[in-house]
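Please look over the sequence and the model shown here before reading the notes on its fold, its annotation and its confidence.

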Amino acid sequence: MAYSSLLSFSICFLVLFHGCFAHIDMVTNHHQRQEQQHQCQLQNLNALQPKHRFRSEAGETEFWDQNEQQFQCAGVAFLRHKIQRKGLLLPSFTNAPMLMYIVQGEGIQGAVFPGCAETFQSPSQQSQPRSDHRQHESFPDQHQKIRQLKEGDVIALPAGVSHWIYNNGQSQLVLVALVDVGSNDNQLDENFRKFFLAGNPQEGLVRGGQRQDQSQRQSRSSRGQHQEEEEEEEESQSQQQESDGNNLLSGFDENLLAEVFNIDTRLARKLQNERDNRGAIVRMEHEIQSPEEAEEEQREQRSQEEEEEEDERSEEEREERRRSRGERGSGNGLEETFCTMRLKHRTDSSFADIFNPRGGRITTVNGYNLPILNALQLSAERGVLYNNAIYAPHWNINAHSIVYITRGNGRIQIVSENGDAIFDDRVHEGQVITVPQNHAVLKKAGRQGFEWIAFKTNANAKISQLAGRVSVMRGLPLDVLANSFGISREEAMKLKHNRQEVSVFSPKRGSQQ
Amino acid sequence: MAYSSLLSFSICFLVLFHGCFAHIDMVTNHHQRQEQQHQCQLQNLNALQPKHRFRSEAGETEFWDQNEQQFQCAGVAFLRHKIQRKGLLLPSFTNAPMLMYIVQGEGIQGAVFPGCAETFQSPSQQSQPRSDHRQHESFPDQHQKIRQLKEGDVIALPAGVSHWIYNNGQSQLVLVALVDVGSNDNQLDENFRKFFLAGNPQEGLVRGGQRQDQSQRQSRSSRGQHQEEEEEEEESQSQQQESDGNNLLSGFDENLLAEVFNIDTRLARKLQNERDNRGAIVRMEHEIQSPEEAEEEQREQRSQEEEEEEDERSEEEREERRRSRGERGSGNGLEETFCTMRLKHRTDSSFADIFNPRGGRITTVNGYNLPILNALQLSAERGVLYNNAIYAPHWNINAHSIVYITRGNGRIQIVSENGDAIFDDRVHEGQVITVPQNHAVLKKAGRQGFEWIAFKTNANAKISQLAGRVSVMRGLPLDVLANSFGISREEAMKLKHNRQEVSVFSPKRGSQQ
Amino acid sequence: MAYSSLLSFSICFLVLFHGCFAHIDMVTNHHQRQEQQHQCQLQNLNALQPKHRFRSEAGETEFWDQNEQQFQCAGVAFLRHKIQRKGLLLPSFTNAPMLMYIVQGEGIQGAVFPGCAETFQSPSQQSQPRSDHRQHESFPDQHQKIRQLKEGDVIALPAGVSHWIYNNGQSQLVLVALVDVGSNDNQLDENFRKFFLAGNPQEGLVRGGQRQDQSQRQSRSSRGQHQEEEEEEEESQSQQQESDGNNLLSGFDENLLAEVFNIDTRLARKLQNERDNRGAIVRMEHEIQSPEEAEEEQREQRSQEEEEEEDERSEEEREERRRSRGERGSGNGLEETFCTMRLKHRTDSSFADIFNPRGGRITTVNGYNLPILNALQLSAERGVLYNNAIYAPHWNINAHSIVYITRGNGRIQIVSENGDAIFDDRVHEGQVITVPQNHAVLKKAGRQGFEWIAFKTNANAKISQLAGRVSVMRGLPLDVLANSFGISREEAMKLKHNRQEVSVFSPKRGSQQ
């Protein structure tokens, strides 16, 4: 047995090492991208604002222009939802993996993974007058897991998995999302596509503001006029209504739908939402309770001993406890594995990976701390620079970086292979700029500080820094440095050692941009 | 040691979990597809019949049109072989992974994996009069493993691996095959290419009926006339003969071939098959015995005790026994691993994954039950619907689905992201229709029932159902459903619970299409 | 515990088996390639010489034409560096994985992996007069690992990882490199891009000799004249100088650079190397000591006991000992894993995988003996044929093969799917020819023998041989062979058994080409 366990250990070690190798190595060969047909001849980048806006009953959705060279090169689409209080983003899925960031507000998200059990009893049951729904009490509503979201959360969503978001906070919920249409999980073409399960969103909205191509429009001449309107910069939802709905059910025959759901044809017709003009974000009549609130209510009816410090615990811990308590309904055995996979990671200051009290902090969300990202091949970096601080110049080794400015402003320089600055400008809140793979980039905060969320097209995106304590200069021999730059060994020594900070550099005394 | 095994256990668990994660998760990022340059602007799909037909001595080969939008979008080619009794499909390989389904008949398949040992002694030796071949008895023919195929089998074949098929049954052998030219295992362009090791098949046949592009044709003007003819709907093999052969050996210098094989030049010239007009499927003079028959013969000469119930055992079990008996010849040690990897899976009713006695059955062949598919990134779904039954409306989360109707007829509806039905028609035996990724689809059998084989472009293709017990409706909270569709909570309850069946729905009483 | 270790063992075995499966199987689905949009309509291949040459102070760099059909189909770029004695190839990285082969000479290579510790104390410290650098002795120069290279070495380098090469030998150092721009690790377009950390190399050099496309040139009209000159077949480095430098630092603002490195602006300006006209390969003033030489020196000052047979040990073994001795400086714990990953493999005759004393030898460098290649998805094959010997005709199952002739000459025939020889010619030293995936190829040495290095676009490239002891003919049943070629069983027997050698065939007596 000693032999057996030793052997197993060694084998394991091999496997583990292999695992390490696969995970840690410089290059991940798992990331499959489709942007290959695009040229990345980026001579002049611009910081971009959204181009298309679609208003809904309880919010609006904005799309950046997919045809912009920088998005084409990176193979991504970018969008922003603004969901008003009590607004519900309708259940839908996209044709590509998505990474979201909550810029502002709070909300509840539910994602529906096929084959997973309905592990949550709806707390909304109790918010209704009990007498009205007596008939349902023997049959309580169950559904899949829901998550409470708040500012600073990163949420991952695989292609083809439907989800909804409800704003249960006190202010507007603002979220930005990167859709990796260049991912190999998207086997369709690289156009953004959103499939709504319900409602009747504007047709431009299901295609990310993209116009259908000419050939299509002609083959659908009877609907041509409507499409014209979809491209307007500002669209009212009332103009958008067509005779047939835009959700997935509206394409099916209503009699078949009735048979399939075992309902009457009248209800089947309702599901097609043909005359719905609420858009993609609708107002909820009844509020949905967040898991925390529901638990809170329960708690009042139970002994309070074991729960005193619960408020301070993270949602993850609570889930852990909930799991071990066995509070859930009947399951299929899979709910302990991928069905409970975390989709969310916080980027609060308490989660910072790099912190410099005189410079700022960097938090990374990647395949190590949010494992689902290994499948999605996306990651994120949350950056906060204090006034005039600098993020070390670096290049992204294995990813593009799509940066959304969440607060403040700063100066960004991006340098291409021939030493030209293809971007050198001040950027401010609400703008998006793409830093292409391997291009060098330098960020310097303005006087009010500078904050951003960067989405990266690799689950374990790596950077190589040009200055500071973990920089490439440190890895080069003194003589190589001196001869390469044609400088003295003393000067080369300064290059290697004068800046001892890592990633986030404090400003020089009296430095002004 | 306790520590060591505990540690090893934990490490293993990590690794295993990682493995599970990788396998079970919603999105597999391993599937590499090339179809990215294609547009998937599918406004109107059609159910398709084959376009090109090539007759051979003992059968015919039909190709669907690779230029059809739906195949371009999915990055696949589709073909059908009809092999007459005693017909042999010549040894050949394709430039992309292939998944085949035996629609009718029986046959023997042999695949030749480089580096694998010749583990089968040819049973055909004994079917010859022994006296004729005395001289060979000290040197019996050995070759790689062969497999008995029959109706309902799914067979997988990697790119670049040569195989042959022989019809040893009593009727025609009909098989359909999906060639995943968009796979990353194909590093050439997305044109179908078949490389024959022997014979002289029509030139159109080696390119899947595709015309070589204009530029090529001009650079080869001396052969232009022949190519014209290849495009005819019906081609006789006699017209196709050219001065040089179309097999891989015919391009080599005959003197070099003679030297390489250490044979005389006359035989080398024979290998180039320049005047062979039998096409791709030739008549075998001597029958090849199937492994089962050969074993049968042997058994008669041995004690029958341990073999009584052998007939009932699956081929796999027999192989197991054969292995443990050590019946094979000299090996290279690898033959226990990938050399004996299963290429075949049955889809008989006894293998059904989902069964509804009033509706029909679904059998899936994927990376879990046929592990080679994890490498090929293809899977299959065999569906049988009884009269008027319905396959639950659903969307394919991570794959395209290319459906070949094997029997009966039915109605199929396919809905795109903007709620339009891009296909709504009756389909019948012999037609092919592509269901693009993420598009919703509904199948309803006609009165004679409806059977199909669907090939999917992912080793673990997943569907998300819109109705029934494991549907997305079940996973959504009641309030989200009610508010999304603008219906009452009672109506939403019906949507979630009125249809309790899974995947295969029985028809409503008196339902007629 | 017995149970636990048994279980762990079984689980491990499963995992390991899975690993084996994944590694050994015929098709690797990990290789992501981008060349899909290219057509591989290769009717006539040519053996190619380099097209662009860039002279530097201490050497020159030559690029093959990226627009050649065969490179476009394979999705690769090909280049050759000639580094004079004491020449230093400036630190730089490329946008794609690279595989290099040392054709001639010796050198030192350093690669800088971000996050890895500086594990080498520079030996060059001691070669300086000690009194000069007293002030640094308390702060000795440390840098990342360096490697001694010599003729016959294969070196792998991931995309985005910077490296430098110094010729410390007595003759010119010549190396050829394949850059896999079609790799998925390159998320930019398929153009070759080289990013220099220092110096001011010609602009054509950073783009592999490619002209920037027309649209770019117009948007940069002020620099148009220079670009014209870059395309000249022979370029002097003096013409190339522009007002701004071509290294990564030259695009940043010099004041920001000064702040970032905490140096004065004068030195920051020096880093941009605007007036540097030395090109990409510069002359080193001080020599860099190889790790071996440094150790040699040390040894003289230590007891010699344990080191007597060190000369005979491979570099790898020495590293092993060095590691266990703990000679290194402070580390970050990662240096034992991917930071010490081997980048180099020898292809000396002592490493041959296949050897035939009358034919020659084949050495393969792949994911098994150089594990980093599993991440890069590249491999190499070193071939040496004696006079008139033959490399068995075969096809590459899962890779393209890009062949550089290192010595002698020979005849190569390449056959496409329709049996045409798309290449049939003599090739000689310095030429490159691509053998496309699945196409059959035959090599026969001339009278002076024939040597090559073949780079393959798969970490575990596999070939399937047409003749010899492990050929596809051996795997086919005699009857299938006889009927396919229309020959007798006796002739088929000859085909299977007349050539008993593996891969490398001795010439027939008196065989002349």
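## Overall make-up

This is a predicted model, in which chain A contains 15 helices and 26 strands. Of the 513 residues in chain A, 66% are buried, and the accessible surface of the chain amounts to about 17200 Å², with carbon and sulfur atoms contributing 45% of that area.

Among the contacts in chain A with a separation of 6 or more, 75% are between residues 24 or more positions apart.

## Annotated spans

An unreviewed UniProt entry lists "domain: Cupin type-1" for residues 45-269 and 349-493 of chain A. In the model, residues 349-493 of chain A are 48% strand and 15% helix, and the C-alpha atoms at the two ends of this span are 34 Å apart.

## Confidence

The average pLDDT of chain A is 80, and 73% of the residues score at least 70. Over residues 124-138 of chain A, however, the pLDDT is below 50, although the model gives this stretch 18 contacts beyond near neighbours in sequence. Residues 213-243 of chain A likewise stay under 50 in pLDDT, and for them the model has 62 contacts beyond four places in sequence.

For the complex, the predictor reports an ipTM of 0.82 and a pTM of 0.85.

Definitions and conventions. Residues numbered from 1 in each chain as written. Chains lettered and ligands numbered in written order. Predicted model: local features only at pLDDT ≥ 70, side-chain atom pairs only at ≥ 80, totals over all residues. Heavy atoms only, no water. UniProt positions renumbered as here; feature names shortened; annotations may be inferred. Helix = DSSP H or I, 4+ residues; strand = E, 2+ residues; numbered from the N terminus. Buried < 20%, exposed > 50% of the residue type's maximum accessible area, 1.4 Å probe, protein only. Contact = heavy atoms within 4.5 Å. Areas by Shrake-Rupley, 256 points an atom, 1.4 Å probe, with all protein chains shown as cover. pLDDT = per-residue confidence, 0-100.
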